[in-house]
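Subject: Structure handover

Hi,

Here is the structure for you to look over. My notes follow below.

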Amino acid sequence: MLVESGDTAVLVTATRSKGREGIDFLPLTCDYEERLYAAGRIPGSFFRREGRPPERAILTTRLIDRPLRPLFPSWLRDDIQVVATVLSLDERVPPDVLAVTGASIACLLAKLPFAGPMAAVRVGLLGDDFILNPSYREIERSELDLVVAGTPQGVVMVEAGANQLPEQDVIEAIDFGYEAVSELIKAQQNLLKELGIEQVLPEARTEDPLLPTFLEKECAKSIGEVLKQFSQTKAERDEKLDAIKSQVGQTIAALKDDDAIRLAVSGNNKLLANSYKGLTKKLMREQIIKEGKRVDGRNLDEVRPISAAAGVLPKRVHGSALFQRGLTQVLSCATLGTPSDAQEMDDLNPATEKTYLHHYNFPPYSVGETRPMRSPGRREVGHGALAERAIIPVLPSKESFPYVLRVVSECLSSNGSTSMGSVCGSTLALMDAGVPLKAPVSGAAMGLIKEGDEVRILTDIQGIEDFLGDMDFKVAGTEKGITALQMDMKITGLAMKTIAEAVNQARPARLHILEKMLEAIDKPRDVLSPHAPRLLSFRIDPELIGTVIGPGGRTIKGITERTNTKIDIEDGGIVTIASHDGAAAEEAQRIIEGLTRRVSEGETFSGAVTRVIPIGAFVEILPGKEGMIHISQLSEARVEKVEDVVKVGDQVTVRVREIDNRGRINLTLRGVPQQEPGVE
């Protein structure tokens, strides 16, 4: 399927192959491939061809997968692969939402069992007006970057970054986007009619009731009692549930050889595990729906106990914080870098660099498991990007705080919502590092239990509620408003009314968490870590950048060696000097300002003689800027030899006689009163 809008074209394909033996999950793979020829560019790698997907491509892959996955039936075991390839790029039309909608059309045309159609749109906010599918430039100026995906049953996915927008504005934006989604859904339905293709809807398959009925009789009461032991820890609850499953397994194994249940389960441990999981899920959900109590005894809108601490590591680490909510614990570490540390982005997005980076690590020990430690997967990249997006709106301007910032969040223990724990930890670590944030940011994850018409929204979900629930809705923001949203569903759609309730219910939770965070550190540190670089930033005339750099870079290299600093110059003329010695940075600034200061005829300067040649002497009138006194301008009288009047190191007062057409500064001593040696 080729999806086009403007000059942007995305090829989306859906392929189904025979299922593998022994798997108990839906093997869906989504890939988003960027081809730089789409923007008329050649890749910058050594091999000059596309390689590992860049970060933004990985995030778009997740954007396709998240609304697509819940629309396939849970019983499907065939391998399904959806591939979206960008063939042409128009900077007015970002390709990601086209890829999401194209994935739905491809699945329909491939006649996969699919509860679509599904479509996605982007919503921006300029002034007081919502904009549908804004261009890249409009996204940069927008107060909101929201992607909404939906089905005929309702909204199925939301992804957003916002500039501290009130909850009501975000709700209205989602509603605005879903109206456009509805039109795209109708267009897909009309396309199927025109092509004479009948949609293959997932058939309802019910599990053989023999084993579920047996399990309910044998262990439903025991499981229910465990779920009601509110004071126990997660490890204790898991241990008890595993013991019940083991016991019922032994009971089945002890049945007679001709017993139908024993024969069904024999050699198929996954069948027993899945049925046992289904029963646990049913009992947990019934407890929430009927009794309003969760497995840890909390009310539906209650946040787990919170603790926070800032500055937990030595100041070799520029900023650090430890944030804990329930059993979820995240260590965040902030590093201040220089402008040259910015990440270069080699992808189709017009933005070519990142100056704020958030990296999220989820080691196996955080969930009590063992597995090989490899490079970050799509989940780690996605969670890091969400936390990054939540913080960006409150970062100081580049002019007032020119550092490149990196935060790494290490998940030490996980029991739900580590991404929002990373948001909270990032805020605290940045404040500990002395970054002047506009406002602190906190985040909470909301959940959903839906049985028929009964709906319960859960605040601050833990692992089992995420695993067995219907929604994971992450909301991050400041006291003023929302900065980031991410909603994923396990059902085929959610009504706007329920989404609005979830967004509004998240606000008091966020503010409660924020209050606990500010008990650890209530404002950014006044002083940076002694091991953080000191930056000076100022602007020069862009036309004089070449003067500072010098032929072959000799001038700027000389300044850095002389002052032991690191200097970055942007095309717009912004100069940033980095040094651990503030005096050295100031010296480098004086030199550059001297080099770039425009000297006028008639100005008087005092400086040292730096060189003597047969026809005159050179004087440093400003740091890094020299002028020459011709031998005829050394005195009113005739001078036979330059050294008869001045020597290297002498302090003299000179006047600018002229600036020639090559920009050379000619000086004179004639008629200029000289300061007596030793007189201040």
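A polar contact here is a pair of N or O atoms within 3.5 Å; within protein, one must be able to donate a hydrogen and the other to accept it, and residues adjacent in sequence count only if both atoms are side-chain atoms. The side chains of Thr565 and Thr563 make such a contact, at 2.7 Å.

Some ground rules. This is a predicted model: local features need pLDDT of at least 70, side-chain atom pairs count only at pLDDT 80 or more, and totals for chains, interfaces and linings use all residues. Residues are numbered from 1 along each chain as its sequence is written, and side-chain values use heavy atoms, with hydrogens and water left out.

Back to Thr565. It sits in the loop between helix H14 (554-563) and strand S21 (566-569) (DSSP runs numbered from the N terminus: helices are H or I, at least four residues; strands are E, at least two). Thr565 counts as buried because its relative accessibility is 10% (buried is under 20% relative accessible area, exposed over 50%, partly exposed in between; 1.4 Å probe, protein chains only). Leaving aside residues up to four places away in sequence, Thr565 touches residues including Ile559, Ile577 and Ala588 (heavy atoms within 4.5 Å).

Next, the cysteines. The whole structure has zero disulfides (a pair of cysteine sulfur atoms within 2.5 Å). Cys30 is buried at 1%, and Cys411 is buried at 0%.

Best wishes
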